[in-house]
Structure formats: structure tokens, C-alpha cells
Amino acid sequence: MTDILPEDDLHVIASRAKAKTDISHIHAFLGAKTSDKWLAVAKDNLPLLMQDHANCEKKAAGTAMNLIFRYEFHRDLQEKLAQLVREEMLHYEQVLELMKERGIAWSHLPAGRYAKGLLKHKRTWEPAGMIDVLIIGAFIEARSCERFSALADVIDDEKLSKYYKYLLKSESRHYEDYLALAQSVSDEPIDERVAFFRAVEAELIDSPDGELRFHSGVPDFV
Ligand SMILES: [Fe+2]
Ligand SMILES: [Fe+2]
């Protein structure tokens, strides 16, 4: 990779003993903890997980870009999501490079049930739809953070573990930005809606799932 800041260079990330970003607020926000079974299966299937992770970074950037076009009137959203798009695309490049280093060929991997399972509850009228999609964004970012942190502790690939720790800082900020943006477009507290999506998200994480993906539920195929 060329033309990136030194702190975002994978060699620099790998060479530093980075203290883990505190994500206790994210654990408090989420309604379920990743199961030991998911972690064990994920640890044994890192090539698939990395492909799905790459897909998620690209999807995160694409979704945010769509929001930038759809909600042009919201100045703060423009700024926050422009930065987010830039960071997600950097992550995409980094994951591709990490895959290449490990000899993992690109493969087509369809998305799992997770994002669809959240988005099907998005209300169709505005500003409710905007509030919901931003809350969903917050949950996806928060869950990513929780899983990077958990994976960093169990995988044997030291460089990848450091990379996952590196991601915690930006992904936890993305969670905070999405949540703050959701509140900013609502005249009323969004707590009830957040609680609703917390329960939906926890169910997707805690229930049996026939596929392994970065945001999949408890593997029921092993
Ligand atoms: Fe990312
Ligand atoms: Fe993110």
C-alpha cells in the first residue's frame, strides 16, 4: 500500500505493542456477548472470516456513501460519514493485503443473515427510517468491535491479532458517531428504538446459525 499515514501502515501496526482500547461501553451497549462456540469456529476458519471481513468493510463504506447522498441536508452526517467511508476503505485495503500475505485467494462469499435481519425492521417513513438505519449502523459497528476484541485474544496469528486491536479505536468511534447521529435527527429520546434493535441484534447473535460469517450467530453445523 502507498500514501498512507505511518500509523496505518501494517508493518508499523505489527511492530507495536499496542494497548487495547477500552471498549467496556460497547459491551454495556450490546445485548449479548459472542459465544465461545462462535469464537472457536471462527478461530479455525480464519480464511473465510477474513474474506467476510473484507466484504463487511466494503459494505460499510458503501452503505455510508449511500447515506451521504440520501441525507444531504445533514451537515454533521456529511462530515462524520465522509471520514467513516475513508477509514472503511483503508480497512478494506488492509484486509486485502493481510489476505494476500497469508496466501488467501479472493473468493465470492454471499452475505449472511445479520444485516438483513436488522434492516427488515427499518421503518419506511422519514425521519423514522433515517433514525433506524443510523441505530442499525451503531449496532453493526459495536458488534464488529466486540468481535475484533474477542478474536484478538484467541487467534494464534500475532499480526492479525494486533491488526484487530488497531481496529478497535476507529470502529468504536464509528459506533458512537452513528448513535449520536441517530439521536440528532430525532426530537424525542431514541432509547426505546435502541432497546428494540438491541433485542433483535442479540437474537441474531445468540441463536443457531447454519453459516459462519463475521456477524453470524452460534454455529450449529459442527
Ligand atoms: Fe472498518
Ligand atoms: Fe466501522
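Leaving aside its neighbours within four places in sequence, with which residues is Leu81 in contact?

**View 1. Leu81 and its partners.** Leu81, a residue of helix H5, is in contact with Ala64, Leu67 and Ile68 once its neighbours within four places in sequence are left aside, where two residues count as in contact if their C-beta atoms, placed from the backbone, lie within 7 Å. Ala64 and Leu81 stand 17 residues apart in sequence, and their C-alpha atoms are 6.0 Å apart in space.

**View 2. The protein chain as a whole.** This is a predicted model, in which local features need pLDDT of at least 70 and side-chain atom pairs count only at pLDDT 80 or more, while totals for chains, interfaces and linings use all residues. Residues are numbered from 1 along each chain as its sequence is written, and chains are lettered from A and ligands numbered from 1 in the order in which they are written. The protein chain contains nine helices and two strands, these being DSSP runs numbered from the N terminus (helices are H or I with at least four residues, strands E with at least two). Read from the N terminus on, its elements follow the order α-α-α-α-α-α-α-α-α-β-β. Its radius of gyration, 17 Å, is close to the 17 Å that the globule rule gives for 222 residues, so the chain is as compact as a globular protein of that length; the radius is taken over C-alpha atoms, and the rule is 2.2 Å times the number of residues to the power 0.38. Along the principal axes, the C-alpha atoms fill a box of roughly 50 × 45 × 35 Å. Of the 222 residues, 36% are buried, and among contacts with a separation of 6 or more, 77% join residues 24 or more positions apart.

**View 3. Helix H4 and what covers it.** Helix H4 (46-70) has 25 residues and reaches 35 Å from its first C-alpha to its last, close to the 36 Å expected at 1.5 Å a residue, where the expected span is 1.5 Å times one less than the number of residues. Its buried residues include Leu49, His53, Cys56, Ala60, Ala64 and Leu67, and what covers the buried residues of H4 includes H3, H5 and H7.

View 4. H7 has 27 residues and reaches 39 Å from its first C-alpha to its last, close to the 39 Å expected, and it is mostly covered, with 22 of its 27 residues buried. The largest nonpolar core has 46 residues, and those with the most contacts inside it are Leu134, Ile135, Ala138, Phe139 and Ala182; such a core is a set of buried Ala, Val, Leu, Ile, Met, Phe, Trp, Tyr and Cys residues joined through C-beta atoms within 7 Å. H7 gives the most to this core, with 14 residues. Phe139, its neighbours within four places in sequence left aside, is in contact with Leu118, Phe197 and Glu201.

View 5. Leu151, in helix H7, counts as buried because it has 23 C-beta neighbours inside 10 Å. With neighbours within four places in sequence left aside, Leu151 is in contact with Leu39, Ala42 and Tyr164, and the C-alpha atoms of Leu151 and Tyr164, 13 residues apart along the chain, are separated by 7.6 Å. Pro127 is found in the loop between H6 and H7, and the peptide bond from Glu126 to Pro127 is cis, with omega near 5 degrees.

**View 6. The two sides of helix H9.** In H9, Phe197, Glu201, Leu204 and Ile205 are buried. These residues cover an arc of only 95 degrees around the axis, which puts them on the same side of H9, the arc being that of the directions from the helix axis to the C-beta atoms. On the other side, Asp191, Glu192, Ala195 and Ala199 are exposed, while the buried residues pack against helix H6 (114-119) and helix H7 (128-154).

Conventions: Buried ≥ 20, exposed ≤ 12 C-beta atoms within 10 Å, placed from the backbone.
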